[in-house]
Amino acid sequence: MKITCTGRKVSLKPSFTEQAEKRLAKLDKFFTPDASAQVTVTVEKSGQTVELMVRDKGLAVRAEKMASRMEDALDDAAELLERRVIKNRKRLGDRLTKAAELPAGLPDIAEEEEIYDVIREKHFAVKPCTVEEAILQMNLLGHSFYLFRDVDSDGIQVVYRRAEGSYGLLVPEP
C-alpha cells in the first residue's frame, strides 16, 4: 500500500510518519498492493484531527478521529477504519482481495449486519443554478445538503454544510 502523509498547520515528524506506515501496514490484508492511503493531520485549537482515506479499485474507505495527541487520533482512526472494513466485508465481497479475517480480541461485528432500509423516496426537478444560489437554497430549506445542476458545466453537483460551519462541494468526475 502506498502511504502519503500530509500535515495542515503542522510539520509532521518522521517518527509520526513511521508510526502511520506501521499502523496502516496492518490493513494490507484487506487491500491489494495497488491501494493508496492518505493520512492528513490537522491541528486546531480544540485538538488534533487525523483523517485516513484508503482507495483501492474504486473503493474508498474513510475514517476521521480527533484527540489531544495526533498519535492517539491516528490509532483511533485506524481502528475505526478496520472496524468499518470488517463490518461490511460481506457486502464488499469480491472487492476485497483477501478474506477479511478478524484480529484477535475483536468481536465479530459483521454478524450483526444492518439492513439498509430506505424509508422515504423523493423525486424532484433538478434546476440549473450557481454554487452560491444552491447554498442559499439549502439554507432557506434548512437542509444540510442540496443537489443541483451546475449552470456552467451542466453537471449534477452537491453542496453541503460541514461540521465546523463552512461549506463543501461534491463534483463527480467524468
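Thr40 counts as buried, because its relative accessibility is 8%; buried means under 20% relative accessible area, exposed over 50%, and partly exposed in between, with a 1.4 Å probe and protein chains only. This residue has its place in strand E2. Not counting residues up to four places away in sequence, Thr40 touches Thr6, Arg8, Thr49, Val50 and Glu51, where contact means heavy atoms within 4.5 Å.

The model is predicted: local features need pLDDT of at least 70, side-chain atom pairs count only at pLDDT 80 or more, and totals for chains, interfaces and linings use all residues. Residues are numbered from 1 along each chain as its sequence is written, and side-chain values use heavy atoms, with hydrogens and water left out.

**Confidence**

The protein chain has a mean pLDDT of 84, and 87% of its residues reach 70 or more; pLDDT is the predictor's confidence in each residue, from 0 to 100. Over residues 97–111 the pLDDT is below 50, and this stretch has 29 contacts in the model beyond near neighbours in sequence. Where pLDDT is low, the predicted coordinates should not be read in detail.

Helices (H or I, at least four residues) and strands (E, at least two) are DSSP runs, numbered from the N terminus. Two strands pair if DSSP finds at least two bridges between them. Strands of a sheet pair through backbone hydrogen bonds, either parallel or antiparallel. The pairs described in this report are set out below.

| Strand pair | Sense | Bridges | A pair of bridge partners |
|---|---|---|---|
| E1 and E2 | parallel | 7 bridges | Lys2 and Ser36 |
| E2 and E3 | antiparallel | 9 bridges | Val39 and Leu52 |
| E6 and E7 | antiparallel | 5 bridges | Leu147 and Val158 |

E1 and E2 run parallel and are joined by 7 bridges. Between these two strands the chain passes through H1, and this β-α-β crossover is left-handed. A crossover is right-handed if, with the strands pointing away from the viewer, the path from the first strand over the helix to the second runs clockwise. E2 then continues into E3 by way of a hairpin of 2 residues.

The loop between E1 and H1 contains Lys9. The phi of Lys9 is near 65°, a positive value in a residue other than glycine. Most residues other than glycine have a negative phi. Lys9 counts as exposed, because its relative accessibility is 72%.

Helix H1 comprises 12 residues, 14–25, and its end C-alpha atoms are 16 Å apart, which agrees with the 16 Å it should span at 1.5 Å a residue. The expected span of a helix is 1.5 Å times one less than its number of residues. Phe16, Ala20, Arg23 and Leu24 are the buried residues of H1. Seen down the axis of H1, these residues fall within an arc of 90°, so they line one face of the helix; the arc is that of the directions from the helix axis to the C-beta atoms. An α-helix has 3.6 residues a turn, so residues three or four places apart point the same way. Pro14, Glu18 and Lys22, on the other side of H1, are exposed. The cover over the buried residues of H1 includes strands E1 (2–8), E2 (36–44) and E3 (47–56), together with helix H2 (70–87).

H2 has 18 residues and reaches 25 Å from its first C-alpha to its last, close to the expected 26 Å. Its buried residues include Met70, Ala73, Leu74, Glu82 and Ile86.

An open sheet of 4 strands has the order E5-E6-E7-E8, with mixed pairing. E5 (128–129) and E8 (167–170) stand at its edges, each with a single partner strand, so one side of each is left without a neighbour in the sheet. In the loop between E6 and E7 lies Asp154, a residue other than glycine whose phi is positive, near 65°.

Helix H4 (residues 131–141) has Ala134, Ile135 and Met138 as its buried residues. Viewed down the axis of H4, they fall within an arc of 100°, so they line one face of the helix. These buried residues pack against E5, E6, E7 and E8. On the other side of H4, Glu132, Leu136 and Leu140 are exposed. Gly142 follows H4 and has a positive phi, near 80°.
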